[in-house]
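Biologist: I should like to learn how to read the features of a structural model. May we work through one together?

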Amino acid sequence: MADPARTVVPARHQYPVIDDLGLAAARHADRLLTAARERGHARWTAYLEPLPDRLRDDDLRGLRAAAVRSRAAYGPKDSIRDVLPEELTEPFLESIDRLLREINRSRS
């Protein structure tokens, strides 16, 4: 008998489009993290530090959580756009939005 408390999460590689989008978002996150470090933005560095690895390695549930956390960096009152250049922030935002759309599509 299967344990009802145990939920099986599909392996990420079973969703190659999502996996590719996660890897692309991780590369953008790496660039943002480097820029935040170079500019001495300790708060944004701390915020961004876990995201590239999570976007690269987390299972689907964790990947979605990392993407939602990444998206939250673009808040209405406090945004990463305020401290880092547009040529870095906008590609990351676009990659995160694409990733979230694909994850949501796969869940329906």
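Modeller: Let us begin with a polar contact. In this predicted model, the side chains of Asp58 and Arg54 are joined by a polar contact of 2.9 Å.

Biologist: Where is the place of Asp58?

Modeller: Asp58 sits in the loop between α3 and α4. Leaving aside residues up to four places away in sequence, Asp58 touches Arg12, Asp53 and Leu63.

Biologist: How far apart are the closest N and O atoms of the salt bridge that Arg54 forms with Asp58?

Modeller: A salt bridge requires a side-chain nitrogen of Lys or Arg within 4 Å of a carboxyl oxygen of Asp or Glu. Arg54 and Asp58 form such a bridge, with their closest N and O atoms 2.9 Å apart. Arg54 has 26% relative accessibility, so it counts as partly exposed.

Biologist: How many salt bridges does the structure hold?

Modeller: There are nine salt bridges in the structure. One of them pairs Arg37 with Glu49, where the closest N and O atoms are 3.1 Å apart.

Biologist: With which residue does Asp53 form a salt bridge?

Modeller: The partner of Asp53 is Arg56, and their closest N and O atoms are 3.3 Å apart. Both residues lie in helix α3; because they are three residues apart there, about one helical turn separates them. Asp53 is partly exposed, its relative accessible area being 46%, and Arg56 is partly exposed as well, with 27%. Through salt bridges that share partners, Asp30, Asp53 and Arg56 are joined into one network.

Biologist: How should one check the length of a helix, and what span should the 23 residues of α1 have?

Modeller: The expected span is 1.5 Å times one less than the number of residues. For α1, with 23 residues, this gives 33 Å, and the end C-alpha atoms are 33 Å apart, which agrees. After α1 comes Gly40, which has a positive phi, near 75 degrees.

Biologist: Which residues of α1 are buried?

Modeller: Buried residues have under 20% relative accessible area. In α1 they are Ile18, Leu21, Gly22, Ala25, Ala26, Ala29, Leu32, Leu33, Ala35 and Ala36. The buried residues of this helix pack against α2, α3, α4 and α5.

Biologist: Which residues have the most contacts inside the largest nonpolar core?

Modeller: That core has 29 residues, and those with the most contacts inside it are Leu32, Leu48, Leu55, Ile80 and Leu99. Two or more residues each come from α1 (16–38), α2 (42–48), α3 (51–57), α4 (60–71) and α5 (86–107). The element that gives the most is α1, with nine residues. To follow one member, Leu99 touches Ile18, Leu21, Gly22, Leu55, Leu63 and Ala67, residues up to four places away in sequence not being counted.

Biologist: Is Leu60 buried or exposed?

Modeller: Leu60, in helix α4, counts as buried because its relative accessibility is 14%, and the cut-off is under 20%. Leu60 and Gln14 are 46 residues apart in sequence, with 9.9 Å in space from C-alpha to C-alpha.

Key:
Residues numbered from 1 in each chain as written. Predicted model: local features only at pLDDT ≥ 70, side-chain atom pairs only at ≥ 80, totals over all residues. Heavy atoms only, no water. Core = buried A, V, L, I, M, F, W, Y, C linked by side-chain atoms within 4.5 Å. Buried < 20%, exposed > 50% of the residue type's maximum accessible area, 1.4 Å probe, protein only. Helix = DSSP H or I, 4+ residues; strand = E, 2+ residues; numbered from the N terminus. Contact = heavy atoms within 4.5 Å. Polar contact = N/O pair within 3.5 Å; in protein donor to acceptor, adjacent residues only side chain to side chain.
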